[in-house]
Amino acid sequence: MKSLLSAFAVLALFFTPAVYAQQPTPPSPDDVRKVAPALEAYRQARLFDDLWKRPELSARDRSLVTIAALIARNQTIELPFYVERALDSGVKPAEISEAIVHLNFYAGSSNAMAAVAAAKDVFARRGITPAQLPAAAPPKLPLDEKGEADRAQRVGQQFGAVSPGLVHYTTDILFRDLWLRPDFAPRDRSLVTVSALVANGQVGQIPYHLGRAMDNGLTQSQAGEVLTQLAFYAGWPASFSAIPVFKDVFEKRPK
Amino acid sequence: MKSLLSAFAVLALFFTPAVYAQQPTPPSPDDVRKVAPALEAYRQARLFDDLWKRPELSARDRSLVTIAALIARNQTIELPFYVERALDSGVKPAEISEAIVHLNFYAGSSNAMAAVAAAKDVFARRGITPAQLPAAAPPKLPLDEKGEADRAQRVGQQFGAVSPGLVHYTTDILFRDLWLRPDFAPRDRSLVTVSALVANGQVGQIPYHLGRAMDNGLTQSQAGEVLTQLAFYAGWPASFSAIPVFKDVFEKRPK
Amino acid sequence: MKSLLSAFAVLALFFTPAVYAQQPTPPSPDDVRKVAPALEAYRQARLFDDLWKRPELSARDRSLVTIAALIARNQTIELPFYVERALDSGVKPAEISEAIVHLNFYAGSSNAMAAVAAAKDVFARRGITPAQLPAAAPPKLPLDEKGEADRAQRVGQQFGAVSPGLVHYTTDILFRDLWLRPDFAPRDRSLVTVSALVANGQVGQIPYHLGRAMDNGLTQSQAGEVLTQLAFYAGWPASFSAIPVFKDVFEKRPK
């Protein structure tokens with residue numbers, strides 16, 4: 001019986017890591033070198049020792065941009081790594097939680113669920129408890145009633161007859177609820193929204209949201225550097241498709 | 001020996017779920033609450049108790065739209081859940097099978113293979129047998145020869161010299177074969193096609209396929225609600241990029 | 001004790017494959033038939049026995065196009081299968097390695113990492129050693145200084161003020177480094193780049209890169225057939241969104 005128990009212990013050692021690793025494990029630096037030595041070299045020299053240290057955008061903001069891109073494109077393999085990095089860079093657990101809730105609407109329901117699946121083990125490992133997370137329905141930030149009424153009227157006139165449901169929920173859930181949740185600053189919601197739009201090639205939605213982001217405090221220099229960060233995480237074409245739109249938004253803003 | 005067998009039973013209990021779950025397991029409501037309590041609240045209040053119950057589109061159609069979006073965007077984490085929901089909402093196994101075959105062409109080969117990987121356990125659990133599935137090559141629906149000849153001539157003139165292979169297979173596989181398979185109504189093929197186009201941001205292909213969908217019986221009100229459903233499952237930007245195109249198609253249709 | 005050991009052996013048989021299969025296992029032909037008999041029939045008759053044998057593009061080039069599409073769209077379920085196929089079709093391990101490095105920049109960092117995760121077991125199984133892979137920083141191909149200076153000046157004038165970082169890295173990493181790595185021909189880099197652009201719907205970036213591809217030796221007939229191949233692997237809408245852009249590029253090239 002004793003040998004049976006020790007056999008169990010051995011079995012546990014063998015099987016546990018893989019069995020509980022329901023998330024795919026990202027390749028280690030050694031794994032990367034076995035397929036593409038240059039990739040590991042670029043990652044170290046150009047990504048972590050270069051891009052992430054550029055002063056145009058804080059490591060905190062870069063973390064939000066990166067997480068938004070990964071969630072928007074449903075890429076979970078490195079998401080735990082970047083959630084850890086975000087926490088280490090000063091993003092609060094409550095902010096990561098809200099970023100996922102926000103992207104539930106700006107990227108899609110299953111993107112958010114896959115993000116939860118990727119983040120939950122990190123949260124557990126760090127001992128993050130529900131007490132540190134935003135409530136389901138906290139008191140809301142004050143609403144700019146005039147601005148929101150204008151937006152709702154404009155969208156309603158354009159599209160109310162085409163998809164009444166979409167217009168209804170845009171007002172009801174997004175602008176009178178989600179954007180007013182207090183544990184994630186409007187500027188950060190904008191940062192995450194714009195990042196998701198660029199990452200998914202939804203350039204038609206950039207003008208409104210980039211303008212809103214800059215109204216919410218994102219500077220032009222930061223916005224430009226968001227495209228730099230996203231080139232590495234969503235691919236060069238995504239940033240190059242967005243850059244003429246950014247240029248146009250910058251030029252048309254009242255100085 | 002008895003204790004060995006019972007030990008096996010214990011082991012089986014511990015290891016089986018994860019070991020056989022080659023598909024990533026979606027987070028439980030409790031998991032979601034450990035990362036984002038608001039997300040679980042929104043899912044219940046706005047998704048399942050609200051959106052899915054709107055009368056503009058049946059739960060059956062919503063299931064097809066949702067499955068199409070998930071397959072088109074290669075999101076498998078919740079696909080088993082929504083395949084179950086589809087079956088519970090009156091979508092026939094044969095129709096789910098055909099939706100996957102259809103999206104093999106409208107979303108890509110590996111999207112279909114990932115969908116098979118996600119659906120096969122659901123089919124097995126429900127005892128769905130090959131006898132309930134469409135044959136590989138069943139007798140075809142009648143073809144609108146004139147309409148198809150016009151389409152083929154128009155596309156051939158425009159693009160025949162650019163990519164002869166693409167033009168050839170479009171006629172040969174899609175319009176003279178796939179669309180005529182009898183176990184999935186043309187209206188449902190259109191529903192799934194349009195959903196995939198919106199979900200993947202392929203707005204340039206919407207006018208042709210939305211017109212075809214309406215020719216096949218999709219009403220304007222249903223089409224508008226497809227955008228509402230897709231906002232939740234492919235993200236708001238996907239629906240907002242598509243809505244002006246839908247508007248244009250609606251306005252240009254002969255009344 | 002003997003029975004305990006044999007029990008272990010049995011357990012190992014049962015648990016090992018799944019436990020070590022951190023990559024999702026693609027469905028077998030039998031699995032496919034249990035969900036969609038037509039899908040397996042199409043795969044055999046139209047994909048492997050038809051498309052792949054068309055003379056307009058070699059199996060080697062089709063492999064590169066297919067792998068590029070799968071990596072660009074982050075689809076790993078069949079990637080090991082197509083990496084094997086690529087190796088069997090004459091793509092060198094060094095070329096697969098460089099394709100992943102290339103797509104690290106043209107599709108995104110996590111796409112490359114997911115590709116490494118999918119390729120590493122194939123490389124291990126084939127006994128491919130680091131000695132067969134390109135060095136991290138090999139001597140570069142000669143640069144067309146004039147052409148690159150023109151490109152850099154044009155992009156700098158247009159976008160240098162919008163995102164200085166993006167413009168900087170485009171010159172520094174992409175055109176003065178990545179494209180000059182010697183173990184993957186410029187024509188093949190172009191093939192992979194154009195495939196990723198089509199697969200991800202980044203049509204705005206096609207004119208520059210398709211022109212470059214043809215400058216690098218891709219013929220018009222091959223380029224057209226790339227769209228045929230991609231219809232099957234990235235979906236018909238991706239190829240149909242790209243075909244008018246290809247047409248325009250073909251027509252505007254000096255004869």
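At what angle do helix α6 (residues 93-106) of chain C and helix α10 (residues 186-199) of chain C pack? The angle is about 45 degrees, and the two axes lie 10 Å apart. The model behind these values is predicted.

**Chain A: the fold**

- Chain A has 13 helices and zero strands.
- The C-alpha trace of chain A spans about 75 × 40 × 35 Å along its principal axes.
- Chain A holds 255 residues, and buried residues make up 60% of them.
- Take the contacts in chain A with a separation of 6 or more: 75% of them join residues 24 or more positions apart.

**Chain C: helices α6 and α10**

- Helix α6(C) covers residues 93-106, and helix α10(C) covers residues 186-199.
- Their packing angle of about 45 degrees makes α6(C) oblique to α10(C).
- The crossing of α6(C) and α10(C) is right-handed.
- On the α6(C) side, the contact is made by Glu95(C), Glu98(C), His102(C), Leu103(C) and Tyr106(C).
- On the α10(C) side, Asp188(C), Arg189(C), Val192(C), Thr193(C) and Ala196(C) take part.
- By type, the residues of this contact between α6(C) and α10(C) are four nonpolar, two polar and four charged.

**How the copies are related**

- Chain B can be laid on chain C by a turn of 120 degrees, with a shift of 0.0 Å along the axis.
- The RMSD of chain B on chain C is 0.0 Å.
- Chains B and C use different surfaces: 9% of the contact residues of chain B recur in chain C.
- Chain B can also be laid on chain A, with an RMSD of 0.0 Å.
- That superposition takes a turn of 120 degrees and a shift of 0.0 Å along the axis.
- Chains B and A use different surfaces: 9% of the contact residues of chain B recur in chain A.

Terms used:
Residues numbered from 1 in each chain as written. Chains lettered and ligands numbered in written order. Predicted model: local features only at pLDDT ≥ 70, side-chain atom pairs only at ≥ 80, totals over all residues. Heavy atoms only, no water. Axes fitted to C-alpha atoms, helices over the stretch in contact; angles between N-to-C directions. Helix = DSSP H or I, 4+ residues; strand = E, 2+ residues; numbered from the N terminus. Parallel < 35°, antiparallel > 145°, perpendicular 65-115°, else oblique. Left-handed = near helix turned anticlockwise from the far one by under 90°. Contact = heavy atoms within 4.5 Å. Nonpolar A, V, L, I, M, F, W, Y, C, P; charged D, E, K, R; others polar. Least-squares fit on C-alpha atoms with pLDDT ≥ 70 in both. Buried < 20%, exposed > 50% of the residue type's maximum accessible area, 1.4 Å probe, protein only.
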